[in-house]
Amino acid sequence: MKSSANPRKKSTLILGIILIFLGICCALLTTDFFPQPVPKYGKEFNLERSKRGIPVIPENWDYFYSADIVKWSDPDSYWKLDEDWGTREDPRPPIYYQKQVVIVDENTLKETDAYLGSDIYEVKGDVAIPERVIIVCIYHIDDVKDLSCSAEVYTHEITFTNGSVNTAKDILKKWGLSYP
C-alpha cells in the first residue's frame, strides 16, 4: 500500500516547523542575553529634573532607543494614538506624549518634551498631524542654574519655532496640561 503523503512534502513541513521553532528560540535568547541597556539619566534622574523645573519621567513610562536617543512614553497612550484620534464631536484629550533624552556630551543633556493637542493641525497625504507643543531644554548636569529652553508650537491659533516657553505653557494650560 502506497503512503498518501509525499515524503518531500513531509520533509519540507518538518523543516519549516524546525525553522520556526529555532526562530522563536533565537528571539527569546536575544532578549534575554542582549536586552536594551538601561538608559543613563532615566527615572533615577527625576529629582535633578525637578530642581531644574522640567518634566520628570512618569513612573509608568517605558523607554526605547532610536539611534542614540532614548525615548520615554506612556505605553498606554503611545499605542492608543494609532487607534483612536477621536472625532470632532468627541475629540481625544490632549496628552503629554513623549520625552526624549539625548546625551550631548559627558556634561550636557538635551531633553525634548512633546505634547499633543486634540485637534488636527495639518494633513499630509493620508497622515493627520495633530496640534503639538514641543519644549526643548539643554543643560549642564553639574549646574542646576544652567538651563536653556525653547519651544515649538503648531496650533490653529499660533505656529512658531524657537519661541517663547511661556507662550507654550499658556497653550498647554488651555489644553488642561501643565509644564512644571
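**Reading the aromatic pairs and the sheet**

Modeller: In this predicted model, the charged end of Arg132 lies 4.1 Å from the centre of the ring of Tyr154 and sits over that ring.

Colleague: What makes the charged end of Arg132 count as sitting over the ring of Tyr154?

Modeller: The distance to the ring centre is 4.1 Å, and the cut-off is 6 Å, with a further condition of 35 degrees from the ring normal. The charged end of Arg132 is listed as sitting over the ring of Tyr154.

Colleague: Why is Glu131 called buried?

Modeller: Glu131 has 6% relative accessibility. Buried means under 20%, so Glu131 counts as buried. This residue belongs to strand S5, residues 127–140. Leaving aside neighbours within four places in sequence, Glu131 is in contact with residues including Tyr115, Tyr154, His156 and Trp175.

Colleague: How do you know that the side chain of Glu131 has a polar contact with the backbone nitrogen of His156?

Modeller: A polar atom of the Glu131 side chain lies 3.0 Å from the backbone nitrogen of His156. The cut-off for a polar contact is 3.5 Å, and the pair must also be able to donate and accept a hydrogen.

Colleague: Why is the pair of Tyr115 and Tyr179 called edge-to-face?

Modeller: A pair of aromatic rings is described by the distance of the centres and the angle of the planes. For Tyr115 and Tyr179 the centres are 6.5 Å apart and the planes stand at 65°. Pairing requires centres within 6.5 Å, and planes over 60 degrees apart count as edge-to-face, so this pair is edge-to-face. The two residues are 64 residues apart, with Tyr115 in strand S4 and Tyr179 in the segment after helix H4. Trp61, Tyr96, Tyr115 and Tyr179 form one aromatic cluster.

Colleague: Are Tyr115 and Tyr179 buried or exposed?

Modeller: The relative accessible area of Tyr115 is 2%, and that of Tyr179 is 10%. With the limit for buried at under 20%, Tyr115 is buried and Tyr179 counts as buried.

Colleague: What makes strands S1 and S7 edge strands of the sheet?

Modeller: The open sheet has seven strands in the order S1-S2-S3-S4-S5-S6-S7, with antiparallel pairing. Strand S1 (62–66) and strand S7 (159–163) each have a single partner strand, so one side of each is left without a neighbour in the sheet.

Colleague: How do you know that strand S6 pairs with S7?

Modeller: Three bridges join strand S6, residues 147–154, to S7, and the two run antiparallel. In S7, Phe160 is the bridge partner of Val153.

Conventions. Residues are numbered from 1 along each chain as its sequence is written. This is a predicted model: local features need pLDDT of at least 70, side-chain atom pairs count only at pLDDT 80 or more; totals for chains, interfaces and linings use all residues. Side-chain values use heavy atoms; hydrogens and water are left out. Helices (H or I, at least four residues) and strands (E, at least two) are DSSP runs, numbered from the N terminus. Buried means under 20% relative accessible area, exposed over 50%, partly exposed in between (1.4 Å probe, protein chains only). Contact means heavy atoms within 4.5 Å. Two strands pair if DSSP finds at least two bridges between them. Rings of Phe, Tyr and Trp (its six-membered ring) pair if their centres lie within 6.5 Å; planes under 30 degrees apart count as stacked, over 60 as edge-to-face and the rest as tilted.
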